[in-house]
Amino acid sequence: MSACRILKFVPRYGRRALLAGVVALSLSACDGGASDQDSRADYVPGKGGVGAIPVADRKPAPDISGGTTRGKSLDIADYKGKVVVLNVWGSTCGPCIAEAPDFAKVAKAVKGKGVAFVGINVGDAEKAQAVSFEERHKTPYPSLFDPTAKLLLRFPKGTLPVQAIPATIVLDRQGRPAARTLGALGQDELRGVIAPVVAEK
């Protein structure tokens, strides 16, 4: 079992800051069957770590903005009106590597259909590491560079666990978390998570 924990990827200089925010959380392994150790009160749990938030219970996502792995500025708020797929990954995480080709294929397939993909790269000390990963896997969408996982800590407890990757969260057209998955996803699984949110009117 692969133990892709956030702290494994966080550079030494950032570990103390991250630990201050997650000291109360137990670290869990990250693989296809990873389980959420946070509260899931807002989620209707499903199979394989997949959960959904009923429309009536959704709240706006926190401010998720900053610099990308390519040195550009990105703000998730600019994607309002589209379904947004946020994928949290690290360049040396085995399950992240495994799912990368499938995410690239699905992102290309839904481009222009009101769905946008955005990555959140955590733990890579240098942008060059993340860029190398993106080029190797032909990732067709931008990723925010978040080496100490500070962006993840902005999500309310139970929305997006900060202790394990990969993790994916789908925002509805109003910018609210609507679905969340833990662990690596294949193409069919990813499409299955996105489709119900896209179908919402």
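Reader: Which residue is the bridge partner of G51 in β9?

Author: In this predicted model, R180 is the residue of β9 that bridges to G51.

Reader: What makes strand β2 and β9 a pair?

Author: Strands pair if at least two bridges are found between them. Two bridges join β2 (residues 51–52) to β9, so the two strands meet that condition. They run antiparallel.

Reader: How many bridges join strand β8 to β9?

Author: Five bridges join β8 (residues 167–171) to β9, and these strands also run antiparallel. L171 stands opposite P177 in β9. In the hairpin of β8 and β9, five residues lie between the strands, and G175 there takes a positive phi near 80°. G175 is also among the residues nearest the centre of the second largest pocket.

Reader: Why is β9 described as largely enclosed by the rest of the structure?

Author: Six of the six residues of β9 (residues 177–182) are buried, so the strand is largely enclosed.

Reader: Why is the pair of W89 and F133 called stacked?

Author: Two rings pair if their centres lie within 6.5 Å, and planes under 30 degrees apart count as stacked. The centres of W89 and F133 are 4.5 Å apart and their planes stand at 20°, so the pair is stacked. W89 belongs to strand β5 (residues 83–89) and F133 to helix α4 (residues 127–136), so this pair links distant parts of the chain, 44 residues apart.

Reader: How do you know whether W89 and F133 are buried or exposed?

Author: Buried means under 20% relative accessible area. W89 has 4% and F133 has 3%, so both count as buried.

Reader: What makes the pair of F117 and Y141 tilted?

Author: Planes under 30 degrees apart count as stacked, those over 60 as edge-to-face, and the rest as tilted. The planes of F117 and Y141 are at 40°, with 5.4 Å from centre to centre, so the pair is tilted. F117 lies in strand β6 and Y141 in the loop between α4 and β7, so the pair ties together parts 24 residues apart in sequence.

Reader: Which residues lie nearest the centre of the largest pocket?

Author: They are A107, K111, V115, A116 and F117, out of 13 lining residues. β6 gives the most to this lining, with three residues. The lining divides into eight nonpolar, two polar and three charged residues, and the pocket holds about 210 Å³ of space.

Key
Residues numbered from 1 in each chain as written. Predicted model: local features only at pLDDT ≥ 70, side-chain atom pairs only at ≥ 80, totals over all residues. Heavy atoms only, no water. 1 Å grid on protein atoms, 1.4 Å probe; cavity = no way out; pocket = protein on both sides within 12 Å on 5 of 7 lines; lining within 4 Å. Points joined across faces, edges and corners; volume = space filled by probe spheres on them. Helix = DSSP H or I, 4+ residues; strand = E, 2+ residues; numbered from the N terminus. Nonpolar A, V, L, I, M, F, W, Y, C, P; charged D, E, K, R; others polar. Buried < 20%, exposed > 50% of the residue type's maximum accessible area, 1.4 Å probe, protein only. Phe/Tyr/Trp six-rings, centres within 6.5 Å; stacked < 30°, edge-to-face > 60°.
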